[in-house]
Every structure is written in C-alpha cells, then in structure tokens.
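Hi everyone, and thanks for making time for this. I'd like to walk you through one structure today, so please have a look at it with me.

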Amino acid sequence: VQQWAASFGKEIAALSNRYSGAKLLQKKYKDVEGVVKMEEVNGEELVKKFAEEMEEMLGRKMKSVKRLAEAAEDADLGHEYNETLEFDYFNSLLINTVDEEGNPIPLGGEFLLEKNEHFNKLPVSTQQSNIQVPTNVYNRPDILNGVYMSEALNDIFIDNFQKDPTLTWQYFGSATGFFRLYPIQWIPDENGVVTFDCRNRNYIQAATSPKDVIIVVDVSGSMKGLRLTIAKHTINTILDTLGENDFVNIIAYSDYVRYVEPCFKGMLVQADLDNREHFKLLVDELQVRGEGKVKKAMKESFKVLNEVLGQGSLCNQAIMLITDGAMEDFKDVFEEFNFPERRVRVFTYLIGREMTFAENVKWIACNNKYYTHVSTLADVQENVMEYLHVLSRPMVINHDHDIIWTEAYMDSVLFNTHAQSLLLMTSVAMPVFSKKEETLSHGILLGVVGTDVALRELMKLAPR
C-alpha cells in the first residue's frame, strides 16, 4: 500500500506539473531573469486611483449635461411662443445628396463631414446638431417653436466637446417629441422612415421618479378584433416606458381575474429588459372571452400596491386601466382603497371608436385626473406618453434636477445602418423645466438633456 501511495503521489505531481505549466513558466522566467524585476503592487491603491480617475471622468460628463440643462431652460425663458413661426431648414436625411444631373438637392445642403474616432469613425460635422422628428409626431407649431428655441444649445454642444473630446453624442429630447442630436445626420430605417421616439428609455428615467405600475387589461368578449390589437399595443408601449428602477405587473380580467404570469401573482417585479420581454410574449397570447367585470381586478390591483409598500420603487404608484368601457359601478372600490388621499394615480385608456359603456370609466378620470380615448393604433404612442408628464409634475414643481445614469445597453451607434460594431453604452441625463413665472405652478417639463458614454472609455482608465 505504501509503495502504491508513493507511486500515485509521483503521478499526481507529474500531472500537475504537466498541466499547470509550472515547469514551462519557470523556464520562461529563467530566460528573461536578467532583464525583468518583480515588484509588489498595492491592490488597494490601484483600485483607489482607478476610482478617482473614473469619478473625475464621469464628473466631466455630468458638468456637460448640467451646462446643457441650464442653457435649455434659459433659452425657453427668453423665447416668446409664436403660433405662425416659420424658418428655413435643411433635411438631414438628404445631406450632401444630388439629383440625376449631379446638382445638390435644395433641402439637402452641402456639409463638410469628416470621419471621427469618437463617433465610431462615422462622417460627422462637429459644428452643428440636427433635428429628428418621428413619424407619429405632428404638432407643427410646438415643434417649430421648440426647434427654434433649442438652437441655443449648439454653442454648448460645441463648447462641451472642445472641453472634453471623449464626449460622444449629446442630445436634447423634447417633451413635444423632437430630438436635437449633436453631431450627425439621421439615417432612415429599411422602409425609408425615421420611427425612433426620443421619449423612451433615457428620457423617461430622467423625467420621472421610479414607479410601481399595475397594468389592468379588459379581455372580455367585447374587446375582440381591432380593440384587442390596440390594447396589446398600448400595453407594449407602456412597458417600453419602464426601466430597471420601476416595478410592474399585468392583470387581465373578464368574468374572473388572472395574472398574465401566474408566477408573479400578488407581487411586483422589476421592469428590467428580461421581464418586459417576457410580459410582451404573454400579452401577445391573450384571448378574449366572457363578460368584463372590472371591480375585482381594481380591488386586486389596489391590494397589491398596498402590500408592496416598502418593497417596490418606494415612489410613484399607478394603475393603468385599458378597457372599452365598464358596465358595473365600482366607486366603492376607490372609496375603500384610494380616497381621500388618492395615493395611487389611475390612468384610464378607453379603447375603440364606440363609447357605449364609457360613463363609469369617465368617472374614474373625473376623480383621478387622467383619461384618454384611443381609437386607432396611431393614437397609442402619443396617448401613452402623456402619463409621463403627470408623474413628472412633482419633480418639475420642486425643480429636482436629479442626474440619472442608465443601465448599460447595446447601441448600434444610434441606429446607423453602416456601423460595423455594437457599442456597450451608458447615458447620463437630466430633466429640463420651464422657469417661466406664469407656468411655474403647472410643472411643465420641457424635455431631457444628456450624453452617451461608451464603456470602453471607462475601461481605458482601468490598470492593466
């Protein structure tokens, strides 16, 4: 036994030497022993230095965003709204394009664009910003006044970039839907349209406090066909307005109440990307049947929100009711759970062209301050965005200029189809408020300013 043990020990030692590479490492070290030296490194000091450099770099980004916020608020303060405002402009989708005869297209203009390392080697002009308006936004006077007013940000964009060349995209996302971006032209999608709406993701996180949201959807028989399609699109749009600081659940009701995800019964879950995508798949499978009895669903929603106090976002709480009308009277539910404080905000989305049983739904609106009628798919985006202004009002009135950092996300260099790589980004953003005396108590959110930070810039600071 002793002989076997000794033999086995030698085999283990030989194997460990062979597969650990210890002998090879020793040989390599002897080869270079004369020209290298061993040095003890203080890990704590390295981490401290890295943290200080990172803090300084991120601090510069925050200063840039604060300058943008101040400039935007001052520009709005000095701007007089003009219903008939007109001005000349170029179409950024047509920059440097020519007609069949080789002549510049009138709305395209000629701009000197140079490839820039900070913008993934895309051709840009660092002397101007440009405006993008998504196809679903059509309030022309508001857009024109906002664009004209925000022209003042150009000088700040340029100054910020000169002070800190590691800055990438800087932007102002307006509450009216337009997006001022420095410094690049916009590329349409494969269908030739620009659908990106700046009032998603970063905008929402900066514009509102964290929130607990329960989406209640009517899946009774009357919701069949187009109504159910509109309802599903409304839910998906609401989910797109949520981020990692928010908590959510979805309840469907007809004759009975059910959670679209039974595992999440009676609770709220973090609205991170995985959970949002999971909910979207479940919502897509919803079928209609039976009679709509909203009373039980509202009771269940209030019950969940009351029980999660201290566990969810610890901030705003809201119920989103999506229905084509309610036959039953449910005032007593509100009297029991939400009056007189009205702690939970209730937003009602009345779906469909006919409004047969709208009265009870309107009663919620009259007593909870929010109601919208969604008759077509095209209405959904604008109507859903309105709730953000309601939830942002306390912040606006208090002028809480909170800076937010988003979770890291993959960005194909702002949807440019020619980009060769995806970048891991984070964004720093800040809300912009109206400072006009006459509207101060109304809590008017003008939009959000921000800049993107490529995580590779942070990793450059890391010690090797």
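V213 stands opposite V248 in strand β7, and that pair is where I'd like to begin. Helices (H or I, at least four residues) and strands (E, at least two) are DSSP runs, numbered from the N terminus.

Residues are numbered from 1 along each chain as its sequence is written, and side-chain values use heavy atoms, with hydrogens and water left out.

Back to β6. Strand β10, residues 316-323, is also joined to β6, running parallel to it through seven bridges. There, V216 has L321 as its bridge partner. Together with helix α7 (residues 226-240), β6 and β7 make a right-handed β-α-β unit. Right-handed means that, with the strands pointing away from the viewer, the path from the first strand over the helix to the second runs clockwise.

Is β6 covered on one face or both? Both. K211, V213, I215 and V217 lie on one side, D212, I214, V216 and D218 on the other, and all are buried. Buried means under 20% relative accessible area, exposed over 50% and partly exposed in between, using a 1.4 Å probe and protein chains only. In a regular strand, side chains alternate between the two faces of the sheet.

Not counting residues up to four places away in sequence, I215 touches I235, I238, L239, V248, N249, I250, I251, M320 and I322; a contact is heavy atoms within 4.5 Å. I215 is also among the residues with the most contacts inside the largest nonpolar core, which has 79 residues. Such a core is a set of buried Ala, Val, Leu, Ile, Met, Phe, Trp, Tyr and Cys residues joined through side-chain atoms within 4.5 Å. Helix α12 (residues 380-398) gives the most to this core, seven residues. Domain 1 (50-201 + 399-461) and domain 2 (209-375) both contribute residues, so the core lies between them; those bounds come from an automatic or database domain assignment. A second, separate core of 19 residues includes I214, A297, M298 and V304.

Let's move to another strand, β5, residues 179-182. F179 and L181 point one way, R180 and Y182 the other, and all are buried. Strand β3 (residues 130-132) runs antiparallel to β5, with three bridges, and strand β4 (residues 170-174) also pairs with β5 in the antiparallel sense, over four bridges. What do we find in the turn between β4 and β5? There are four residues between these hairpin strands, and G177 in the turn has a positive phi of about 115°.

Finally, how far can we trust the picture? The mean pLDDT of the chain is 81, and 82% of its residues reach 70 or more; pLDDT is the predictor's confidence in each residue, from 0 to 100. Over residues 413-421, though, the pLDDT is below 50. Where pLDDT is low, the predicted coordinates should not be read in detail.

How values were computed. This is a predicted model: local features need pLDDT of at least 70, side-chain atom pairs count only at pLDDT 80 or more; totals for chains, interfaces and linings use all residues. Two strands pair if DSSP finds at least two bridges between them.
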